[in-house]
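Biologist: I am new to this structure and would like to go through it slowly, one question at a time. Could we begin with the ligand and its surroundings?

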Amino acid sequence: MNKFLINRPFPRFSLIFKNLSFFENPRKNLMFFKNGREAFVYGLQCSGITKNSIILAPAFICNSFTEFIISSGYQIRYVDIKEDMTLDLAKIEKIFKADDIKALIFVYYFGLSFRINSLLKICKKYNVTLIEDCCHGFQTKINSQLVGTFGDFAIYSFRKVLPCSDGGALRLNNMKQSKYIYSYNFSLKDDLFYLIIRIVELLARNILLINIYSKKFILIKTYIRDIFTRNKLKNNQELIFPKKRCSFLLNIFLNNKKYLSESMATRNKNFNYLLQETKLIGLKPFIKQIESNISPQFFIIEDLHGGLHEWLKANGIGAMQWPGQEFPKEILALPMLYINANKLNKNLVMIPIHQDVEINSYKELIALLRKWAKKNNN
Ligand SMILES: Cc1ncc(COP(=O)(O)O)c(C=O)c1O
């Protein structure tokens with residue numbers, strides 16, 4: 001079993017020990033939260049968008065996010081995306097004309113770059129708040145401008161690309177931050193818990209040689225997680241406050257410029273390597289090329305046959321589908337209305353390319369993919 005193809009980066013102890021000091025958050029332009037969804041709801045409040053307002057969201061989205069928005073008192077209206085994950089501007093404008101939409105979520109899927117300028121103009125025209133969702137990647141640039149700096153506000157979820165347990169953040173582009181009340185809650189408990197879980201995961205995988213992506217293991221993991229979360233009442237009417245400081249681990253990795261630029265370069269290099277290899281094998285990469293100012297979250301294969309991601313997981317590879325289990329039920333139930341969201345949810349398979357994956361770790365994956373293509377392409 002391949003020891004390295006896990007689906008998220010591991011906290012580098014060398015960096016943790018080098019940075020055993022607390023400092024004020026140098027990212028003055030960000031407010032921190034437990035997760036991206038809290039940052040989103042707080043951003044709505046800062047923008048003066050009142051409860052019950054309608055938020056327009058792309059149908060290709062996860063329900064942990066949309067359900068939180070709804071349980072926080074807002075309404076969601078969905079719009080299907082195009083096959084290439086972009087928004088249909090004519091469709092958006094038609095919806096703006098017909099309905100009282102107060103805000104639009106613009107997702108940079110998998111850290112990729114999507115043109116936003118024309119959409120910005122439409123949102124301005126109809127007085128709709130444009131929210132950039134940078135939860136899948138925050139280092140990508142459009143030309144030379146960072147994602148998250150175009151719209152009215154942007155949200156982040158750093159735990160999806162950095163080794164930490166929290167990482168919700170909000171960037172207000174058109175508002176002042178100083179007047180907001182901050183919570184000073186700060187605890188190392190979550191960092192320690194996260195580190196323990198990651199070490200256990202590593203030991204299970206590399207010493208006990210357990211396949212942590214097998215159906216059996218995931219079932220046990222979900223069962224244990226449910227026990228811990230069972231007693232936590234879901235009450236999203238609670239007031240949300242930004243934190244003055246982000247977690248210790250996030251602080252270390254987010255503020256290390258060298259780590260960040262190396263991470264981006266590795267993601268890019270791994271992406272291009274897999275692009276070349278999958279084409280040779282005869283598989284279908286979903287994105288055919290990326291520029292060096294992109295920080296992709298995953299390499300994506302279009303699996304028209306079906307079953308590739310389950311097969312890779314059964315073989316110990318940290319592949320995944322998105323939103324997968326978290327695809328909103330109302331979108332799944334209307335495949336003719338949300339054709340592309342349903343298609344992308346079913347067909348795309350994400351392969352890890354994060355900062356801890358070295359190219360020579362892909363040997364086993366490439367052999368598996370070759371076997372898969374041979375079995376299914378003829
Ligand atoms: C595109 C997108 N936006 C926002 C979120 C919410 O982020 P978080 O899980 O940190 O609340 C998620 C994940 O759930 C997501 O995939």
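Predicted model: local features only at pLDDT ≥ 70, side-chain atom pairs only at ≥ 80, totals over all residues.

Biologist: How far is an oxygen atom of the ligand from an N or O atom in the side chain of S157?

Modeller: A polar contact is a pair of N or O atoms within 3.5 Å, and several side chains can be read against that cut-off. For S64, an N or O atom of the side chain is 3.3 Å from an oxygen atom of the ligand, while a polar side-chain atom of K160 lies 3.0 Å from a ligand oxygen. For S157, the separation between an oxygen atom of the ligand and a side-chain N or O atom is 2.6 Å.

Biologist: How much of the ligand's accessible area does the protein cover?

Modeller: On its own, the ligand has 390 Å² of accessible area. Of the ligand's accessible area, the protein covers 97%.

Biologist: D133 belongs to strand β5; which residues of β5 point the other way from T129, I131 and D133?

Modeller: Strand β5, residues 129-133, is mostly covered, with five of its five residues buried. T129, I131 and D133 point one way from the strand. The residues that point the other way, also buried, are L130 and E132.

Biologist: Which residue in β5 does F106 stand opposite?

Modeller: Strand β4, residues 101-107, pairs with β5 in the parallel sense, over five bridges. Within β5, the residue that F106 stands opposite is E132.

Biologist: Which residue caps the N-terminal end of helix α9?

Modeller: Helix α9 covers residues 257-281, and its 25 residues reach 36 Å from the first C-alpha to the last, close to the 36 Å expected at 1.5 Å a residue. The helix is followed by G282, whose phi is positive, near 100°. At the N-terminal end, a side-chain oxygen lies 3.2 Å from the backbone nitrogen of K258, and the residue that provides this cap is N256.

Biologist: Is I317 buried or exposed?

Modeller: I317 has its place in the loop between α10 (308-314) and α11 (329-332). Its relative accessible area is 0%, and because buried means under 20%, I317 is buried.

How values were computed
Residues numbered from 1 in each chain as written. Heavy atoms only, no water. Helix = DSSP H or I, 4+ residues; strand = E, 2+ residues; numbered from the N terminus. Expected span 1.5 Å × (residues − 1). Polar contact = N/O pair within 3.5 Å; in protein donor to acceptor, adjacent residues only side chain to side chain. Areas by Shrake-Rupley, 256 points an atom, 1.4 Å probe, with all protein chains shown as cover. Buried < 20%, exposed > 50% of the residue type's maximum accessible area, 1.4 Å probe, protein only. Pairing = 2+ DSSP bridges.
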